[in-house]
Structure formats: C-alpha cells, structure tokens
Amino acid sequence: MSNNQEKNIKKNFNIVTAALLRSLTKKNHHFEFEKIADHNFNNLTLSKSLKLPSPDKMTKIRNVDFLRGRADSLAMNICHHDDILHTKLKPQSPQEAKIFSAAEKARVDSIGITEFPGLKRNLIAAIRKFLLKNSLLTKKRKEITLDIVLYLMVLKNLVEINFPEKIIALINKWEGKLSLSEKDEILSLKEHILDQEIFSQIIKKLISSLKLSKDYANKFSEIKTKAINQDREDPGSKKQTLDSSAGKTMSLKEKTEAMGLPGEDNSKKDLGNKIKEFGYLNLKERNTNQSGIAHLDKINNYKVYTKKFDEIVSADQLTSQNDLIELRKKLDNQIAELKKIITRLANKLQRRLLAKQERSWEYGLEFGYLDTQKFAQFIANPSNSNIYKKEKESDFKDTVVSLLIDNSGSMRGRPITIAAICADILSRTLERCGVKVEILGFTTKNWKGGKCREKWVADDKPESPGRLNDLRHIIYKSADVPWRRISNNLGAMLQEGLLKENVDGEAIIWACKRLLLRSENRRILMVISDGAPVDDSTLASNSTNILENHLKETISWIESNSPIELLAIGIGHDVTNYYEKAVTINDVEKLAKTMTEELIELFDS
Amino acid sequence: MNKKDNISTSSPDITVSAKQLFGIDSGFKCPAFSKKNEYVPKIDDAYKFDQDTTIAILNGFAFNKRVMIQGYHGTGKSTHIEQVAARLNWPCVRVNLDSQINRMDLIGRDTIVLENGKQTTSFQEGVLPWALQRPTALVFDEYDAGRPDVMFVIQRILESEGKLTLLDQNKFIEPHPSFRLFSTTNTIGLGDTSGLYHGTQQINQGQMDRWNIITCLNYLPPEKEVEIVLAKVPKFLRIKNKKIVKLMVTLANLTRNGFSAGDISTVMSPRTVIMWAENAVSLGNIQAAFRLTFLNRCDETERSIIAEYYQRCFDEELKESILPKKS
C-alpha cells in the first residue's frame, strides 16, 4: 500500500466508518476510535462500548478489512441484540455465560451477513485477525477455547461462509465430537435466527448437553482459567461486563436528533458547484480600492509594535481532525437541553425572514419581459405598449452577516459553549433563508506578550510600543463555504488553552475588512463579547486606555463612514457605551433569545 | 377547452370496491364513472398502492374532501392521485404551481379569436373555472412553490361548496358536484427546514386550514419498494435476480439513514432506485449504473461514505472508497 493511500486511510477511515455505522444502526451515536490493543474475545462478544479500533495508530497498514469487520459487528450488535433479554436468559456460571454470549454473537453476526453481503468479507477478516493474534491458527497453536469454537460452529451453520482452510479444519475437528442430537440442535438454529429468545433456549440446552459430554467437559474449566488469565492481563476488559442492570454505561451515549437538526444542510443548488474557500490570501490579492479599508489602519495614531507574529488561521488548522470531532461532540453534549430552545427560536427567525422575501410581478409596464397574456392586446392595437412585466424588487436585499465572537479567557466554560452553539444554529437558519454567514473569533497566541514582547525587549524596550502581543484571528466559517463542510469547526472553540487575551479594535477592523470586500448589498457585523479589551502586556507598556480608545474610535468610524451595520451583544458587560446599536445581557443563557431578536429586528426594518 | 364537451353533464354512476380495484385491505366503496373520456389518465397496471394514502384519496373522491399529500421527493405523490383517478375513470387534470403561474392563468383572460373572418376578443376561461364546472379532479403539484399572491386566488374554491366569482365576466360559478381538488407538496407549508427543498414558500395558515385531509407519503417498507421496482422495470430480472433489487433498496435506505444522521447531503428517492434499475438494464452493470445514477450527484467529500455503504451491500470496492482496490 503506498504512502499516500495509507495517509488517506488514516485520515478518513474513522469518519467514514462512523457515518456508515450510523446508517446501519439508524442511531445517531458518536463512535470513538482508539488504539488496537485488544484481541480479546471478551471484547469481541457483545461489547457495549462504542469504542472501535482505528488505523490511526497502526504503524503499517496492509489491510483494514478486519477493522471494518469489528465496526460491522458492533453495528449488528446494536441493531439486533437485546441486552436485557440476554442478561435474563444467560446461564449462571461465568464459563457457560461466555459460551452463551459467543453463540449470541454468532447469531447477530449472521443476521448482518444475510442482509449485507459485504459484511461476510469483513467479518471473516476480523475473525482471522483475532485468531492469528491469539496464536490459534499457526502450527504451534495454543488450545482453542470452547466459546470461540462454538462461535465458529454456529456461524458456519447459520450462513454460507467460506472460511479459510485452517479455520474449517478447526471447526471440523470439534464438530466431529458432537453427538447426533447436538448436531441436530445446531442445525435447528437456522430457522430461529431472528428470534433471540428461542435461539437462546436452544443454545442453553446445547451447553448443558456439552457439559456432560466428556470431550467437551474439560473445555469448560479451560475457559475458566483462561478467563482469569485474560482478566489479569487486560484489566480494561473488566469494564465491559454483560450485566446491564447497572444501566446504560456512559460510553453508550444516545444522541437523538435534536429537532431534525443533523439532517439540515445548506444545499442551495447554486452552491452545489465547486466553492472556492475565500481565504485571507485571496482577499489580499483583490483590488482594494476602497479608501475605507486604508483608513481603518490609521485610526488615531494607534500603533502596533509588530505584526510579524500575528496569525489568521482557519479553525481546522488549530487541531487535528479527530480532536475537532471530539470537541464537537463535547459541545453538543453540553448544551443538549438548550439546543431545543435555540432551535425553536431559529425556526421563528426563519419564518419571519421568509415572510419578508416577497416576490411578485409588476404588470402593465413599458419595458421588461413580454407578458404573453397581454400579447393579444398588442395584436388588437399595436400602439398598446404597456405589455411588459418585471419582477418586483423584493425588499429583502442580498445580505451577509458576520458573527465576531470574543475568544478570550473570560469566555471560558459556559459562555463560549453557548456562544458556539448559538452561532451554529442561527447561522444555519440564516443560510436557509438565503443570507450568507461568517463566523469569526479573536484572541491572542500567548498570555504575556509572546514573541512580540520578546522582540520589544530585545530592541531595548522603546517607549509607547503600541499593541504588544501576537494576535490570533480565527475563521470558523467563511461566508462562501457551505455548512456541511465545516460543521465540526465550532468544536475548536472549546479547545483547552485556546482562549487567551483580546484586542477588540483590531479584531473588528479585520472582520470589517472581510465584509467590505464582499459584494452583497447589505453587510452586518454582530460582535459578541463579555468584556472590555484586555491585553496585559500592552496595557503594562502603554497608556492604560490605549485598547479601549482604539476600540471606541474604530466603532465610531465604522458606524459613520462605512456601509457595514454594526451591532453588539455584551454578556455581563455594558457595551452600550461603545456601540450605537447594542444590547447587554446579564445571563449568558439569554444569548440565544437576544441574538434571534436582534436578527429579527435587523431584518424587520 | 372551449368546445362544448359532453363531460360537463356526466356524473359518477357506479360504485366500486376499493379492495378489488386497488388491492388494499379496506371495505371502502367509492363512486366511479363507467365510461372513460379524454381527460382520464392512463392506467398503469403495475402500480402498487399504499394503504393509507389511497384511503385518504378515496375519501377525497367519495366525500368531496380537500386532500393534501406531503412527502419527500420521488415517492410518487402525484402519480398516486392520478392512478386512483385512472381506475375510477375520473377526469383528472394536473397543474404545476411554478413561479410564472399567476392569477390570469388560473382565472382566465381575454384573447383574440377569429369568428366569421373577423377578429374579436373573447374571454377564455382559465383552468380553475374550466375544471370547476366539470366533474374533474384538479391536482395542484408543488403546492408549496406557489407564490403567496397567487395562492389567494385558490382560497375560495378550497371550501367544499365554494363558489367562484369571475369579476371580469360578472359571473358566479358553482362547482360541479363531482369537482374534486387535491395537492401535493414536499414541505408541510411551514417552510423547509431540511435544506432539501429550495424555492418552497411558507403557506398561509388560513389556507392550510381549509385542507380537510393531510396525509404523508414517505418511503415505503423495503419489501414494497422492491415490488414496485420490479413492477416498473420487469426487464431487470433478465440480467439479475430479485436479491439484487433487495440490495439496491437496502442501499437506498442506508443513504436515507445517512441523510437523517447528517452524514450525507443527498438521498436516493424511490424514483432514483427505479432509474438505477433501468440504467443497469441498459448498461448491463450494476456498479456503473450506480455511478451514473446516484454517485455522481453526490458531494465529492461524501462519496467515500457512500462507497462504504456500497461495500456492505454489494461486497465490491468502488474507486471512490478510501480503501484501494485489491490487485
């Protein structure tokens, strides 16, 4: 397998497999992927954990069919295995319970194979890998335990499966020792494959009968010793008990669809063609003949010590794809309750916006499209010239909204989580109504001035250096990129160590510049912040209100000289001093309602 | 449409049993016409009827109720109404409410006609007055795409005994006792929240209120869907067996689950499965037909997920899969 192919697999396997599992099980679980440590049959039988092995940690990838097989087995488990019933019916002794579980696993896997032919290949690969890793196939093989044998025998009987020769040899050896009635029992399993209860009863009978048969009797004690050893070797497996009376474990998180949200998508047909991501570089290259942009940089002699260390990143560059998914999941879990409320508000917003987008025709005009219905009038009398129609300009203008979210340390915890989810849901709603949305964040790269300050110190600390820290501006969603491509990015807001200090003035200038370069008629910038601009390093080396003054003047310049509509929401901090259009809320829980109301108001006027 | 036609005078003259005619499990008896005319749709013998939807439509025919059918695209909503009408010999006319339909199309307008060699203007009725005076079933397709200003024109006739006033003509039109009204829509009039149905409007709630029966026609149980595919594409059995159709429907259902879970953005409608079968017959190859029918419609980033679905159902590795083909 080439390097590229391996890289491709490592990058995409988890995502693609998780999606597949959701489709197979029809449940919106979040599946976790981790190192392939276990080749323990205990872990393979009916594990309740949603953890699966990942190719990420494999040093060399030769074949990943077995990984698929593990995933498929888990899916079939979720779909067809009733754990409560299983616990009710299983035999008392742990050895017998193990064999019982193995047979049930065979049943569940067989249902899968019957329905999905591709599963056969994957499951065989998984079985084979398992047997290999446990030295059960090679010449110097260990003695195989009864649960594994029964699993293979039952599987072979339920579905037509082309096992590799060695496995067939193994099965045949043990099948030969069965009595006639035992063989019949196994054959009868096939017609009860869909009925867990009857199937289980037959298996229990079979187990008792095997216990009595001398060829199998000692196998039972073997399982016992092996089980003890395995438990000692692998304490992890202890967590996965088959006892469901403890209730659903934490790893089995049932993620129900929150009001139909996961399926939503901005699938406007005109965006269906390739969409180029308008990164900052592209914007720079565009002809910026707007004098406004040039002026923004020169407000009030505001200085920046050096911009060399500043960075503008896209959220997916902040961390790995897998981490993003984890964080996104964390985000969704934390505000599950709030999501319902926010969705309702969002639907309200959508209805209001759609109601505004009236489109109608104006008739009886002198120019425009030919109104075919009036054509008869024209023939009757050619001097009738008002036979044209035009589409009335709807009041609803082409709009783009930019949400600029304060990513400073004070937002840590609930505020940033709520801000992230509000941004998520509201922007999806706006996109459905034809309004483009950008989601941006701002903070700094370091706490105490970072490289900027180091340079200042190295330069002998000149007086009044201006802003003295390395900025970090984050693009969570660019206006032209559809939602489905960046839905995980918002998780990055929850990243440990991301939220640091905030230099608001420059952040607003950055967001404005992005908006000014766009062609929409209406451009709205909504700033969400919870405090005044604070950067210790800057404030310590300049006058104490340098940042605040810059912010005030930036805002007033934008409000009076640019086409951008500026609006702010302050969380626990009075922003009405700075901005003309502002709302302060004391409780971050009210953020969703406030954002919706402000947006409705913006579009109502 | 201006000719005096003999259907204006006819009325349903027989009663038929729903069980016999549609193959559904119901004792419903519905009035029907004994003779066809040019407006009765052609019968598709292979059509499979859905129990609930058919009962709803029959209620509409029998008791003059206004019936709206809502469902995902490609599920056969308009066809259902047509086929019921076809078997009842009930004249049926479909109107698509697209953005260029306006009041004049619906009510009527002045046109120039030649009479006795002279040009004269005469009022030509639009589809509403025309249908209203005849025993016709009028079906509005894409009801939620209709513009709000146009929808109000329909408001009056939504009431079961609603008379229509033609202001241009100073005429009041009473509906024919056998006039029926149906509609089909993708959304339920509250706007589209799935992102699939671009261009749909919200429907005025006052208007929604006037629809007596609202029924949903979504995806059928897999066995039914398999039957329908085989009924529509009988030639398929020449190239492959029924099990393959089952797998195709299974794959379609995986895409529908994937869509609900938010993992992919395109779904396979029942119509897509039928197209896939037809393409497979002409190409002779299931995989190639799949690519041409559905895979090429999907977002590039999602094709590997769909390739995983394909592997599970057909045990074949598509080239879009993340795992390379084995040599």
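Reader: What makes α3(B) mostly covered?

Author: Nine of the 12 residues of α3(B) are buried, where buried takes 20 or more other C-beta atoms within 10 Å of a residue's own, with C-beta atoms placed from the backbone. Among the buried ones are His80(B), Ile81(B) and Leu88(B). By the way, this is a predicted model, where local features need pLDDT of at least 70, side-chain atom pairs count only at pLDDT 80 or more, and totals for chains, interfaces and linings use all residues. Residues are numbered from 1 along each chain as its sequence is written, while chains are lettered from A and ligands numbered from 1 in the order in which they are written.

Reader: Why is strand β11 of chain A called largely enclosed?

Author: Because seven of its eight residues (564–571) are buried.

Reader: What makes β10(A) and β11(A) a pair?

Author: Pairing takes at least two DSSP bridges between strands, and seven join these parallel ones. Leu525(A) has Leu566(A) as its bridge partner in β11(A).

Reader: Which residues is Leu525(A) in contact with, leaving aside neighbours within four places in sequence?

Author: Contact means C-beta atoms, placed from the backbone, within 7 Å. For Leu525(A), the list includes Leu404(A), Ala511(A), Ile564(A) and Leu566(A).

Technical notes: Contact = placed C-beta atoms within 7 Å. Helix = DSSP H or I, 4+ residues; strand = E, 2+ residues; numbered from the N terminus.
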